[in-house]
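Please read them beside the sequence and the structure.

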Amino acid sequence: MDEARRAAKFVYDTWNDLSVRAPKTFHSGRRENHITERFGMYMPKVSLSKARLLGWWSYEEPAGESVIIDEELTAHSRIRKDLVYKSNEKAVRVELIFEFKKLEATNGSCKIYLGQNGMRRFVDGEYAKGLPLALMVGMLIGDESACVQTLRRSLLSTAETADLRMVGDASGALLREPSGMFPGVAQFDTEHNRPAASAPSHGTMLLSHIFVRLPHYPIASE
């Protein structure tokens with residue numbers, strides 16, 4: 001778990017550093033995949049020297065399956081993983097998938113964060129099959145506190161807690177705040193039942209939610 005925590009902290013710290021040093025890349029007018037691709041390219045250069053991480057990073061990693069339909073081999077369940085860290089340790093393997101989503105203080109933005117291209121990639125989809133843990137990274141646009149509060153309300157709505165198959169902790173809390181998995185890095189954790197084919201042996205996945213700043217920048221959007 002120490003390696004996983006160092007990897008998550010490295011993502012958080014590196015984002016905060018690069019977003020100041022490279023504001024023409026880290027701003028709300030850029031496409032999500034433009035930002036995550038360049039961010040992912042940077043990670044291997046400094047992860048060993050700055051965070052003592054011996055594993056490897058991949059970004060915009062394609063995955064999926066192919067099936068035969070009407071005598072043709074057809075792509076099925078094609079997905080793209082924003083950022084992945086995998087350890088080289090043989091004794092305890094670590095694999096962390098980070099899903100980055102822009103987040104504003106609106107119901108529409110929260111729906112995207114929670115939806116098929118956000119959290120539900122882990123809950124319902126093909127992401128992180130068999131893994132007990134993954135991370136959402138909310139890129140906050142505008143008032144950061146309002147963004148998180150709006151998301152918190154959305155997560156706790158009756159419809160979303162059901163759709164996301166959220167599981168309470170021992171006290172019944174659906175938002176585990178502060179994060180017990182990544183203290184000081186993630187703001188809160190949520191736990192979700194997954195379909196048997198995608199779930200780890202104990203049946204649920206923990207999602208930790210990291211929030212970083214994505215400022216406006218006064219240049220033309222792509």
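1. Arg176 and Glu191 are both buried, and in this predicted model they form a salt bridge in which the closest N and O atoms are 2.5 Å apart. The pair links distant parts of the chain, since Arg176 lies in the loop between β5 (166–167) and β6 (186–193), whereas Glu191 sits in strand β6, 15 residues apart.

2. That bridge is one of eleven salt bridges found when the whole structure is searched. Side chains of opposite charge can pair when their charged atoms come close.

3. A further salt bridge joins the side chains of Asp124 and Arg120, with an N to O distance of 2.6 Å.

4. Within helix α1 (residues 2–21), Arg21 and Asp17 lie four residues apart, which is about one turn of the helix, and their side chains meet in a salt bridge of 2.8 Å, N to O. Which of the accessibility classes does Arg21 fall into? At 54% relative accessibility Arg21 counts as exposed, because that class takes values over 50%, while Asp17, at 28%, counts as partly exposed.

Definitions and conventions: Residues numbered from 1 in each chain as written. Predicted model: local features only at pLDDT ≥ 70, side-chain atom pairs only at ≥ 80, totals over all residues. Heavy atoms only, no water. Salt bridge = Lys/Arg side-chain N within 4 Å of Asp/Glu carboxyl O. Helix = DSSP H or I, 4+ residues; strand = E, 2+ residues; numbered from the N terminus. Buried < 20%, exposed > 50% of the residue type's maximum accessible area, 1.4 Å probe, protein only.
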